[in-house]
Amino acid sequence: MWGRNVYDSISKFLQFQLTVNVVAVIVAFTGACITQDSPLKAVQMLWVNLIMDTFASLALATEPPSESLLLRKPYGRNKPLISRTMMKNILGHAVYQLTLIFTLLFVGEQ
């Protein structure tokens, strides 16, 4: 039960971290290419990573296992850690966050 809980927690942690990092890299790169100045400075990127790592670590460490974990089949050795559903969630949330951030960045003054 604990092993399945740790596996699920690590999957959630990776999904959260990859989403945040994909958005941060795209915002920094695209913003720097379009505005000739990065919208996120180095210190701001460090704060984003520090805060996101803290929240993700807390979520990883505080979720207790439940009996329902034993009702599903175990994952095989060759199952990828990032599933197709997780990739869809990562990309979907990244598109949503990028839309919101770029709207605020480029149209926010109006």
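Start with the aromatic pairs: this predicted model holds 2 of them, where rings of Phe, Tyr and Trp (its six-membered ring) pair if their centres lie within 6.5 Å. Select Tyr-7 and Tyr-75. Their ring centres are 4.9 Å apart and the planes meet at 40°, so this pair is tilted (under 30 degrees counts as stacked, over 60 as edge-to-face, and the rest as tilted). The pair joins distant parts of the chain, 68 residues apart: Tyr-7 belongs to helix 1, while Tyr-75 lies in the loop between helix 2 (42-62) and helix 3 (84-107).

Colour by accessibility next. Tyr-7 is partly exposed, at 23% relative accessible area, and Tyr-75 is partly exposed too, at 39%. Here buried means under 20%, exposed over 50%, and partly exposed in between, with a 1.4 Å probe and protein chains only.

What sits over the ring of Tyr-75? The charged end of Lys-79 does, 4.5 Å from the ring centre; the criterion is NZ of Lys or CZ of Arg within 6 Å of the centre and within 35 degrees of the ring normal.

A word on the ground rules before moving on. Residues are numbered from 1 along each chain as its sequence is written. Local features need pLDDT of at least 70 and side-chain atom pairs 80 or more, while totals for chains, interfaces and linings use all residues; side-chain values use heavy atoms, without hydrogens and water.

Now select helix 1, residues 2-35. Its 34 residues should span 50 Å at 1.5 Å a residue, and the end C-alpha atoms are 48 Å apart, which agrees (the expected span is 1.5 Å times one less than the number of residues).

Select each in turn: residues 14-34 are 100% helix, with end C-alpha atoms 30 Å apart, and residues 90-108 are 95% helix, with ends 25 Å apart.

Finally, zoom out. The chain has 3 helices and 0 strands, counted as DSSP runs (H or I, at least four residues, for helices; E, at least two, for strands). Its radius of gyration, taken over C-alpha atoms, is 17 Å, well over the 13 Å that the globule rule gives for 110 residues, so the chain is more spread out than a compact globule. That rule is 2.2 Å times the number of residues to the power 0.38.
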